[in-house]
Amino acid sequence: MKALFTTIVALAVIGGAPFDSGEAGTGFAFAQGQGTPRLSNGRIEPHTTVSIARDLPALAATLNEPMWIGYSQPMIDGRHEMCDYWNDGRMMTQSTDPIRLEPAGFFFVMFRIEEKQITRIRAYSANCPLDAGGKAVHWFTNVAVNDSVSYMKTFMTPESPRRMADSAVTVLALTEGQRPLDELITLAEKGTTSSVRGNALFWLAQRAGQKAVGTITAAIENDPQTEVKKKAVFALSQLPKDEGVPLLIQQARTNRNPEVRKQAMFWLGQSKDPRALKFFQEILR
């Protein structure tokens, strides 16, 4: 899968006092200290939480300068490199860090705080080197999956900035567990904006394979917005070829929406699959 995000690692200096204390909420939670990033040029300030939706904004309201707050979540299987490397103003996709033979089982959810408000959400893989810029990074431990999923949904309202909503969908999609997957399916069907529905469809194709086909094809047929239909066609192109190519051919042959047919043909061309070539030969004769 293509990298969607990323930052900057070295060693952590652990310090600070808890912001709040209590048991983790329902669902999977990390043990104390597990999944904590290592920083260069900074330190971790650990906090525990009962409700991330309550405790994170409350902590943000106490910060008098721009800072980052974060926590860990279990990550779905597969390699998901989410780091940004910049060289002379260009984003690169390589790092000088040692290459992990086995991917980490967690990723980092990071919130940029400016003027006591959340202004950005980022997802970083565990291999990302993080430079704290001489500041503390506030870190919540023991954040339950269910708690994180519920919090991410609060950033997907029609009033939410699109970039924030897109990032929240990505966090949800990368999180291991049945609850995140169920919510992803619900968002693909009933998300409050076309952007949320379209991004959920993309991640369903990446994550669920054949299990996602029904939701994706239903969006092509039933979603009222053409842009969502087009994203659903793209989601079909992300399925394994034995599953995706026949479905794309079907859409190119039979869908009544010309934009859907056009998108299906475009992604068939990108597939370089012999079945796509045969299809094009048929319609061009």
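Student: At what angle do the axes of helix H9 and helix H10 cross?
Tutor: The axes of helix H9 (residues 258-271) and helix H10 (residues 274-284) cross at roughly 130° and come within 9 Å, where axes are lines fitted to C-alpha atoms, for helices over the stretch in contact, and angles run from 0 to 180 degrees between N-to-C directions. Helices here are DSSP runs of H or I with at least four residues, strands are runs of E with at least two, and both are numbered from the N terminus. Please keep in mind that this is a predicted model, in which local features need pLDDT of at least 70 and side-chain atom pairs count only at pLDDT 80 or more, while totals for chains, interfaces and linings use all residues. Residues are numbered from 1 along each chain as its sequence is written, and side-chain values use heavy atoms, with hydrogens and water left out.

Student: What are H9 and H10 to each other, then, parallel or oblique?
Tutor: H9 and H10 are therefore oblique to each other, since angles under 35 degrees count as roughly parallel, over 145 as roughly antiparallel, 65 to 115 as roughly perpendicular, and the rest as oblique.

Student: Which residues in H9 meet H10?
Tutor: On the H9 side they are Met-265, Leu-268, Gly-269 and Ser-271, and their partners in H10 are Ala-276, Phe-279, Phe-280 and Ile-283, with contact meaning heavy atoms within 4.5 Å. Sorted by type, the residues of this H9 and H10 contact are six nonpolar, two polar and no charged, where Ala, Val, Leu, Ile, Met, Phe, Trp, Tyr, Cys and Pro count as nonpolar, Asp, Glu, Lys and Arg as charged, and the others, Gly among them, as polar.

Student: And what lies in the loop between H9 and H10?
Tutor: Lys-272 lies in that loop, and although it is not a glycine, it has a positive phi of about 55°. Lys-272 counts as exposed, at 71% relative accessibility, given that buried means under 20% relative accessible area, exposed over 50%, and partly exposed in between, with a 1.4 Å probe and protein chains only.

Student: Where does Asn-41 lie?
Tutor: Asn-41 lies in the loop between strand S1 (39-40) and strand S2 (43-48). Its phi is near 60°, again a positive value in a residue other than glycine, and at 49% relative accessibility Asn-41 counts as partly exposed.

Student: Switching topic: at what angle do helix H1 and helix H2 pack?
Tutor: Helix H1 (residues 52-60) and helix H2 (residues 145-153) pack at about 65°, with their axes 9 Å apart. H1 contributes Ile-52, Ala-53, Leu-56 and Pro-57 to the contact, and H2 contributes Asp-147, Ser-148 and Tyr-151; by type, the residues of this H1 and H2 contact are five nonpolar, one polar and one charged.

Student: Is Ser-148 buried or exposed?
Tutor: Ser-148 counts as buried, at 2% relative accessibility.

Student: Which residues in the largest nonpolar core touch the most other members?
Tutor: Of its 67 residues, Tyr-71, Phe-111, Ile-118, Tyr-151, Met-152 and Phe-155 do, a nonpolar core being a set of buried Ala, Val, Leu, Ile, Met, Phe, Trp, Tyr and Cys residues joined through side-chain atoms within 4.5 Å. Helix H3 (residues 162-174) supplies the largest share of this core, eight residues. Another core, of 14 residues, lies apart from it and includes Leu-39, Ala-104, Cys-128 and Val-137.

Student: What is Phe-155 in contact with?
Tutor: With neighbours within four places in sequence set aside, Phe-155 is in contact with Phe-111, Ile-118, Ile-121, Ser-160, Met-164, Ala-165 and Ala-168.

Student: And where is the place of Gln-251?
Tutor: Gln-251 is in helix H8 (residues 241-254), and at 5% relative accessibility it counts as buried. Not counting residues up to four places away in sequence, Gln-251 touches Ile-220, Glu-221, Leu-236, Val-260, Arg-261 and Ala-264.

Student: Last one: how many of the residues of the chain count as buried?
Tutor: Of the 285 residues, 48% count as buried, and the secondary structure of the chain comes to ten helices and nine strands.
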